[in-house]
Amino acid sequence: MFLHHLSLANFRNYLQLELELPGPVALFQGDNGQGKSNLLEAIYFLATTRPLRAGSDRELVHWRAMEEPIPFARVAGAVRRNSGDLKVEVVIRADRAERQGAVLAEGGVAPGALSKRIKVNGVVKRALDLIGLINVVTFSPQDLELIAGAPALRRRFLDIANCQVDPRYCRALQQYNRVLVQRNHLLKDIREGRQPPETLEFWSEELAKSGSYLLARRLGTVATLNRRIDSYHHRLTGTGKRLRMSYRSSVEEAAARDGPPGPHPDPLPRGEGETTEVEQQVELFREALRRYRRRETLQGMSLVGPHRDDLLFLADGIDVNVYGSRGEQRAVALALKLSEVEFMQAATGERPILLLDDVMSELDPARRRLLLETIDNSGQTLITATDLGSFSPEFLARAALFHIEQGAVTRMTGRGGDPLPE
Ligand code: ATP
Ligand code: MG
């Protein structure tokens, strides 16, 4: 898929922007703080309706716009897909009512959530309807944390990758998180004697049902990524180390732990394909919850489920999170992101838009070369950099070059850039 037009109003430091993207590869050069990351974030926002870095939508609205009677920010794009052209628009705004209330309450802009309105080809849609229409894979130096950081970041990676291609995953995730909060409250109440222990059954079953879909999909995702990641890693590093991902399931570990099995161990159902996988996960989940019942009640919290899992990256069996050097971790992060492109392509039938933010500065010359070779014209790639010195002349010749300064984007002349494929 190709984004060929992007239009912004009041989005971060862009007051107004109309940008034509003429070819599959676009390179944006600009000094620090000019709006390179913001531009890529706008495209990410259009695809996911979520901010890439910010905690809240509020941060996306230009500061100056927040002083307007009705603050708003708008991101719109025209996308060419195999199935046809698509116009998508997301508007964030503070409603008049909310703002009036806020003015009365505190004499300023409401700290609460702003509303979001989504349109696809001019028709109002829900956020869930947008899923899969525009797919993006982002990569920035912060993604090193995917490998070097805490498990929550890796769970988020799996959630975002799956949510982008599967609305059912998104719904199951929302449901799971709601159930988790309820169940944790209840576990505390049971521990304090405020609720009888039997009240847990219902919430355990709800947790197992929504959680097992997440587990089945995450396992499938890891299997798909595993088909690619080793060869990307090999290409990026030239080492003979074999890289493998492994999903660490707290449910599986708990269900396999020594201890008294639950009172009703049902036989595993047999069926076909994904349903079997989900059913097997439900069964494992139930068993894990039965075995952990005492422990969970004592601690007053849910101890097993997708919210406690992790994703391991093993180079020749050694955990890169624990033992890898920064450079090694960076190469694994990049191999993961390149594999994610193929995961999405497999799931949607179209190549996602690759957004590479300031990645060249962090790579050594050999890896830069390999990365640039990987960026072919089969999909769209938008890449930012502070200086053009790290790009090969061949790459510069085939990219459309843009300069960013204080939220304004200008096309640099004298360069061609391949046209978009029809
Ligand atoms: P670097 O090379 O340092 O990564 P960059 O070009 O990627 O820089 P951005 O992260 O895109 O820079 O940020 C550009 C500017 O946008 C920053 O100076 C930041 O203060 C500003 N900015 C961020 N949010 C808003 C907002 N809501 N309203 C106005 N300006 C904003
Ligand atoms: Mg930046």
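Predicted model: local features only at pLDDT ≥ 70, side-chain atom pairs only at ≥ 80, totals over all residues.
I'll start with ligand 1. It has 16 residues around it, and the ones that come nearest are N32, G33, K36, S37 and V61. By class, that shell holds nine polar, five charged and two nonpolar residues.

Now the polar contacts. On the backbone side, a polar atom of G33 sits 2.7 Å from an oxygen atom of ligand 1, and a polar backbone atom of G35 is 3.0 Å from an oxygen atom of the ligand. From a side chain, R12 places a polar atom 3.2 Å from a nitrogen atom of ligand 1. As for cover, the ligand taken alone exposes 660 Å², and the protein buries 76% of that.

Next, the largest pocket, with about 630 Å³ of space. Its lining has 23 residues, with T48, R50, I160, C163 and C170 closest to the centre. Which helix gives the most to this lining? That is α5, with five residues. Helices α1, α3, α5 and α6 each supply at least two. The lining divides into 13 nonpolar, seven polar and three charged residues.

Last, the second largest pocket, at about 510 Å³. Here 25 residues form the lining, and L52, T138, D143, R156 and K337 lie nearest the centre. Elements giving two or more residues include the strands β8 and β12, along with α4 and α11. The largest share of this lining again comes from α5, with six residues. Its classes are twelve nonpolar, eight charged and five polar.

Definitions and conventions:
Residues numbered from 1 in each chain as written. Chains lettered and ligands numbered in written order. Heavy atoms only, no water. Near = heavy atom within 4 Å. Polar contact = N/O pair within 3.5 Å; in protein donor to acceptor, adjacent residues only side chain to side chain. Areas by Shrake-Rupley, 256 points an atom, 1.4 Å probe, with all protein chains shown as cover. Nonpolar A, V, L, I, M, F, W, Y, C, P; charged D, E, K, R; others polar. 1 Å grid on protein atoms, 1.4 Å probe; cavity = no way out; pocket = protein on both sides within 12 Å on 5 of 7 lines; lining within 4 Å. Points joined across faces, edges and corners; volume = space filled by probe spheres on them. Helix = DSSP H or I, 4+ residues; strand = E, 2+ residues; numbered from the N terminus.
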